Amino acid sequence: MGPVIRDNRRIDPVTGQPKRGKHAASQPTGTTGAGRPGAGNAPRRDMGGEDGSTPVNKVIPTETAAPAAAPPTAPVEPPPAVSQLQRQLAERTADLQRLQAEYANYRKRVDRDRATVREHAVASALSELLPVLDAIGQAREHGELSGGFKSVADSLQAAVGKLGLVSYGQRGDAFDPKIHEALTHTYSPDVAEDTAVEIFQPGYKVGERILRPARVAVAAPASAPDEGSDAAEWPSGDL
């Protein structure tokens, strides 16, 4: 009796088991592909899911050893040309900073000199107008400043005020030899210190620059007279 063919498989009529093919006969029973030489190192393919679904050909990677850390490298010395360029760059930078500082100082000095020259020019021009201002002040004190002359005088005083001219000196001010000029000197019991009791001419200044000191009469405090100091001393002999 020959082999029975069932579901495209040959069935052994004696054992009732499906016959193995030519290649299957050479492989021992129970031995799979994993038992072949070199099969353990090759990646295994997943032939299907647990529910018997269609295989997905999923490749499971094998474990590989981590790469060894690279040894530390020593710092690389720059070439001589690069070192020379760096040195020249540092020198040029220092020169530029020094030049910039010198230019800033020059600008400050020029601005200061310009302000000083302007102050001297303004002071020289205003000094020539002081006699005119004195005449206007005397006319104002005597009540002679009226009409168009008063308008011109007010405009002139406003103009010199914008240029920084300031008049000072009032009766009762403490005497200061730096800004006052004493024309007369007396004693008075009404003052406790040297005091300007009369203003002959007001003083003028521009900023801290004195154009003309105030000309004043100064009164000093009077001390109690010594009764015996004023007595005349006559010789005791006969005349």
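**View 1. Leu 165 and its contacts in a predicted model.** Setting aside neighbours within four places in sequence, Leu 165 is in contact (heavy atoms within 4.5 Å) with Leu 126, Leu 133, Val 160, Tyr 204, Lys 205, Val 206 and Leu 211. Residues are numbered from 1 along each chain as its sequence is written. Because this is a predicted model, local features need pLDDT of at least 70 and side-chain atom pairs count only at pLDDT 80 or more, while totals for chains, interfaces and linings use all residues, and side-chain values use heavy atoms, leaving out hydrogens and water.

**View 2. The largest nonpolar core.** Here a nonpolar core is a set of buried Ala, Val, Leu, Ile, Met, Phe, Trp, Tyr and Cys residues joined through side-chain atoms within 4.5 Å, with buried meaning under 20% relative accessible area for a 1.4 Å probe, protein chains only. The largest one has 10 residues, including Val 122, Leu 130, Leu 165 and Leu 211. Helix H2 (80-141) and strand E8 (203-206) each supply at least two of its residues; helices (H or I, at least four residues) and strands (E, at least two) are DSSP runs, numbered from the N terminus. The largest share, 5 residues, comes from H2. Another core of 5 residues lies apart from it, with Tyr 168, Ala 196, Ala 214 and Val 218 among them.

**View 3. A sheet of 3 strands.** This open sheet runs E6-E10-E7 with mixed pairing, where two strands pair if DSSP finds at least two bridges between them. Strands E6 (180-188) and E7 (195-201) are the edges, each pairing on one side only. E6 and E10 (residues 214-221) pair in the parallel sense over 8 bridges, and Ala 182 stands opposite Val 216 in E10.

Note on methods. Buried < 20%, exposed > 50% of the residue type's maximum accessible area, 1.4 Å probe, protein only.
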